Amino acid sequence: FDFFVGESILSAVIMLAVAVFTSTLNSRIRDQEKLRTENEKERMRGNLLRAISHDLRTPLTSIYGSSSTLISKYDALPKEQQLKLLGEIQEDSEWLIRMVENLLSVTRIQDDTGTVKKEDEVVEEVVSEAIIRLKRRLPDIEIHVSAPEDVLIIPMDPLLIEQVLMNLMENAFIHSESDRPIDLRITENPDTVTFHIIDYGKGIDEQTIPLILKGEYTAPRTSDTHRGMGIGLSICNTIVQAHGGKIAAHNHADGAEFLFTLPKGDT
């Protein structure tokens, strides 16, 4: 009897020790995961700040230079040159406004969880609104849309997804250097919906895609990448990830394709 009692006590002690060890291990794993998450958020904030600083500098420098020339040499400048400088100021100012819109979009993502508040939305309506808003900005843009016949309804923050669509379509229009229309194709899988933005231009440097999406790419000073590519794609990536989705890009035979996938259900 004493043997069995002793064995029972030993078993209980072992089970208690295992439980304590397991609890301690799980606690440490949670702490490490929390630390990794915080470090990742800090890294993303740092990358975003560097990207913002870089992208702001070029248009602000241009605005300052053009306005200074107008002020100091206004009477000596031909009318055509005055209009050219004013046009450059307007163009850079519009770009800055678009970037502010992007940054305001990011503020809609909750800092504590990195997620967004989603409601069931009709995909066709979100796409239509994005195109209408973009055409106000770029009247010459031509977009061909194709989608499944069935109505698609998925959970999302519609304003944020509209911003992603506008950014990607604007990039395709500006950076492809092509006069051909942009294709916006929507495809459906059992658990996801994918948005394909396809242009028919010069293509992209695929080696820079991962860096651009993470906000870690710094464009050369002679490049026009600052006009929508850098910070815009980084913010698109942030928005899509906050929805539990993924974004990617690649070249095809006649140009480039950006695509992002959103889950049909809450993640």
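Here is a walk through this predicted model, from the overall layout down to a few ring contacts. Local features need pLDDT of at least 70 and side-chain atom pairs count only at pLDDT 80 or more, while totals for chains, interfaces and linings use all residues. Residues are numbered from 1 along each chain as its sequence is written, and side-chain values use heavy atoms, with hydrogens and water left out.

Let's start with the layout. The chain has six helices and seven strands, and going along the sequence they follow the pattern α-α-β-α-β-β-α-β-β-α-α-β-β. Helices here are DSSP runs of H or I with at least four residues, strands are runs of E with at least two, and both are numbered from the N terminus.

Of the 267 residues in the chain, 38% are buried (under 20% relative accessible area, with a 1.4 Å probe and protein chains only). Take contacts, meaning heavy atoms within 4.5 Å: among those between residues at least 6 apart in sequence, 73% join residues at least 24 apart.

Now for the rings. Rings of Phe, Tyr and Trp (its six-membered ring) pair if their centres lie within 6.5 Å, and planes under 30 degrees apart count as stacked. That rule gives one aromatic pair. The ring centres of Phe 195 and Phe 260 are 4.7 Å apart and their planes sit at 10°, so this pair is stacked. Phe 195 belongs to strand β5 (residues 192–198) and Phe 260 to strand β7 (residues 255–263), so the pair ties together parts 65 residues apart in sequence. Both Phe 195 and Phe 260 are buried.

Conventions
Rings of Phe, Tyr and Trp (its six-membered ring) pair if their centres lie within 6.5 Å; planes under 30 degrees apart count as stacked, over 60 as edge-to-face and the rest as tilted. Buried means under 20% relative accessible area, exposed over 50%, partly exposed in between (1.4 Å probe, protein chains only).
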